[in-house]
Amino acid sequence: MSLQIIVHYSLHFLAPMLIAYWYARKNFWKVYWVMLATMLVDLDHLLAEPMFDPNRCSINFHPLHSYWAIGVYFIIVILPYEKWGWAWWWRPIGIGLLLHMFTDFQDYYLWNYLL
């Protein structure tokens, strides 16, 4: 198994676990599952032809991986949702989506250009 695959899936599964533990120990499992659910953002890959291309960066190619979408994900993280009475799961969704975008970004640029 290549190091790239190990890093990619560690960022998808282990990093959310560590973040959930750090962010909300009391609600660790809830936060972890919410963050894992953000991987559904990859459903936009179904719109691409071909669906997967190792020589294509997902960032700004797929609609839910666009710079605009990433901006929305960032806003979700920084909004004062407690003050506004929003549900607790908004921030973990934003964190999970940003982590997903970082994972896809590093998966392309790190392995194709830096290593």
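At what angle do α1 and α2 pack, and how far apart are their axes? The angle is about 145° and the axes lie 9 Å apart.

## Basis of the report

This is a predicted model, in which local features need pLDDT of at least 70, side-chain atom pairs count only at pLDDT 80 or more, and totals for chains, interfaces and linings use all residues. Residues are numbered from 1 along each chain as its sequence is written, and side-chain values use heavy atoms, with hydrogens and water left out.

Helices (H or I, at least four residues) are DSSP runs, numbered from the N terminus. Axes are lines fitted to C-alpha atoms over the stretch in contact, and angles run from 0 to 180 degrees between N-to-C directions.

## α1 against α2

The crossing of α1 and α2 is right-handed (the near helix is turned clockwise from the far one by less than a right angle). From α1, the residues in contact (heavy atoms within 4.5 Å) are His12, Phe13, Pro16, Met17, Ile19, Ala20, Tyr21 and Tyr23, and they meet Phe28, Val31, Tyr32, Met35 and Leu36 of α2. Twelve residues of this contact are nonpolar, one is polar and none is charged. In this scheme Ala, Val, Leu, Ile, Met, Phe, Trp, Tyr, Cys and Pro count as nonpolar, Asp, Glu, Lys and Arg as charged, and the others, Gly among them, as polar.

## α1 against α5

α1 and α5 pack at an angle of about 155°, and their axes are 10 Å apart. The two helices are therefore roughly antiparallel (angles over 145 degrees). The crossing of α1 and α5 is also right-handed.

The α1 side of the contact includes Leu3, Val7, Leu11, Ala15 and Ile19, and the α5 side includes Arg91, Ile95, Leu99, Phe102 and Trp111. By class, the contact of α1 with α5 has twelve nonpolar, six polar and three charged residues.

## α2 against α5

α2 (residues 28-37) and α5 (residues 90-114) pack at an angle of about 45°, with axes 8 Å apart. α2 and α5 cross in a right-handed sense. Val31, Val34 and Met35 of α2 touch Pro92, Ile93, Ile95 and Gly96 of α5. Six of the contact residues are nonpolar, one is polar and none is charged.

## Salt bridge

The structure holds one salt bridge (a side-chain nitrogen of Lys or Arg within 4 Å of a carboxyl oxygen of Asp or Glu). Arg91 pairs with Glu82, and the closest N and O atoms are 3.5 Å apart. Arg91 is buried, at 16% relative accessibility, whereas Glu82 is exposed, at 52% (exposed means over 50%).

## Loop between α2 and α3

Most residues other than glycine have a negative phi, and most peptide bonds are trans. The peptide bond joining Glu49 and Pro50 is cis, with omega about -5°. Pro50 is placed in the loop between α2 and α3 (67-78).

Asn60 is in the loop between α2 and α3. Asn60 is a residue other than glycine with a positive phi, near 65°. At 41% relative accessibility, Asn60 counts as partly exposed (between the 20% and 50% limits).

Technical notes
Buried means under 20% relative accessible area, exposed over 50%, partly exposed in between (1.4 Å probe, protein chains only). Angles under 35 degrees count as roughly parallel, over 145 as roughly antiparallel, 65 to 115 as roughly perpendicular and the rest as oblique.
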